[in-house]
Amino acid sequence: MMAREWGWWTEQKLDILSGYLTGFANATRKAGTTVYLDLFAGQPDNVSREPTRHMIRGSARRALDTSPPFSVLKFFEMPGHATALEKNLQAEYPGRDFRVIPGDCNDEVESVLQGLRPLNWAPTFAFLDQQSTEVKWATLEHLARFKRQGKPKAELWLLCASGLLPRGLRLRQELIDDNVACQMSLMFGTDQWQEALSATRSGRLSATEFRAELTNLMRWRLQKDLGYKVTRVFKVKNTSGSEIFDMIFATDHEVGDKIMKWMYSKAQKQQGALQDRARRQRQQKREEEQGKFGLFNAEDALPVMPTGFDVHAADEPAHPPYRASRTS
Ligand SMILES: C[S@@+](CC[C@H](N)C(=O)[O-])C[C@H]1O[C@@H](n2cnc3c(N)ncnc32)[C@H](O)[C@@H]1O
């Protein structure tokens, strides 16, 4: 199977995951048992699309590498990739308590959570690294309900592809793509997002505002409908600075929120430097292809890593979803 190619921003997302999982594992050490769920676990091999072409460790390996280790891990993946992933992970992590569940995570999640019922008191983290709108609201409901009375709900870290969805909908054309629209309603668990869409198509909202409304609607629903105490967003940008997707974190636990706020703040500080490095590397590659060789390697100009963290990092709370009646 060919290695999958990822941009530097995917690696940054996975670095946030690794950092958060370490914080989570340390903060929950006393519990003695922890659960990791990866609903879109991916392929065994991933490679950087940048000129360095280095291998990138995917989310399943990063979860298995976490120390102190997760007690139980469940990886969901479509059948084609699931077999290869399972084979690789078995070879690399013999003796660990994990399973790769082949199939659509939306169909499989309920029975897997049923099997984990004896552990519904244990701190649980679920990563939902979808590509666009694969996850269904019913799946988020199952995850949020997986808890014993009085225990914090499973933490969710969800990719919300707000930067890509407007293109998929064919926002600027006369007819929107009904398939994408249907998938969006299944993901949000409501068609309320269509109010913001109509406002965008008639020029009352800008495309940027529409994207922000999509992410806000998901956060609002996670808080108001599933009862999460806090949600927090990191905007993932590409080399040209375009916002491509948002990572939404939902938790009931103030320590979890504090750790993710720290991770987001650190990632935000690195973002500009990572963009600069990617631009320099591409420029260098172009020059090398043209037979020009610079005195310095782009790698010599490594990004300035943050020395501290901004505990006051701005993060707007979710607000009531866009309603046409709100503005008219
Ligand atoms: C963005 S990739 C995930 C990458 C992964 N987290 C990693 O770090 O390597 C999305 C993955 O979800 C899988 N997928 C898509 N729809 C799915 C579904 N309904 N259930 C389970 N997996 C799905 C795809 O095959 C793909 O490998």
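Q192 counts as buried, because its relative accessibility of 17% is under the 20% limit. In this predicted model, Q192 sits in the loop that links α7 (178-188) to α8 (193-201). Once neighbours within four places in sequence are set aside, Q192 is in contact with L217, P321 and R323. Below you will find the wider picture first, followed by a few more residues worth a look on your screen.

**Overall fold and dimensions**

- The protein's secondary structure consists of eleven helices and nine strands.
- Its radius of gyration is 20 Å, close to the 20 Å given by the globule rule for 328 residues, so the protein is as compact as a globular protein of that length.
- If you are setting up a view, the C-alpha trace spans about 65 × 60 × 40 Å along the principal axes of the protein.
- Of the contacts between residues at least 6 apart in sequence, 75% join residues at least 24 apart.

**Surface and charge**

- Buried residues account for 49% of the 328 residues in the protein.
- The protein exposes about 16,200 Å², and 50% of that area is supplied by carbon and sulfur atoms.
- On the charge side, there are 46 positive and 41 negative side chains.
- The centres of these positive and negative sets lie 4 Å apart.

**Confidence**

- The mean pLDDT of the protein is 90, with 92% of its residues reaching 70 or more.
- Residues 298-313 are a stretch to handle separately in your reading, as their pLDDT is below 50.

- A161 is found in the loop between β7 (155-160) and α6 (165-169).
- With a relative accessibility of 0%, A161 counts as buried, since the limit for that class is 20%.
- Leaving out residues up to four places away in sequence, A161 touches Q131, S132, I244 and F245.
- For a sense of distance, A161 and S111 are 50 residues apart in sequence, while their C-alpha atoms are 27 Å apart in space.

**K261, in a helix**

- K261 belongs to helix α10, which covers residues 254-289.
- The relative accessibility of K261 is 24%, so this lysine counts as partly exposed, a class that runs between 20% and 50%.
- K261 and P152 are separated by 109 residues in sequence and by 18 Å in space, taken from C-alpha to C-alpha.

- R53 lies in the loop between β3 (46-48) and α2.
- The phi angle of R53 is near 55°, a positive value in a residue other than glycine.
- R53 counts as partly exposed because its relative accessibility is 42%, between the limits of 20% and 50%.
- The peptide bond from S67 to P68 is cis, and its omega is near -5°.

Technical notes:
Residues numbered from 1 in each chain as written. Predicted model: local features only at pLDDT ≥ 70, side-chain atom pairs only at ≥ 80, totals over all residues. Heavy atoms only, no water. Helix = DSSP H or I, 4+ residues; strand = E, 2+ residues; numbered from the N terminus. Rg over C-alpha atoms; globule rule 2.2 N^0.38 Å. Buried < 20%, exposed > 50% of the residue type's maximum accessible area, 1.4 Å probe, protein only. Contact = heavy atoms within 4.5 Å. Areas by Shrake-Rupley, 256 points an atom, 1.4 Å probe, with all protein chains shown as cover. Lys, Arg positive; Asp, Glu negative; His and termini not counted. Charge placed at Lys NZ, Arg CZ, Asp CG, Glu CD. pLDDT = per-residue confidence, 0-100.
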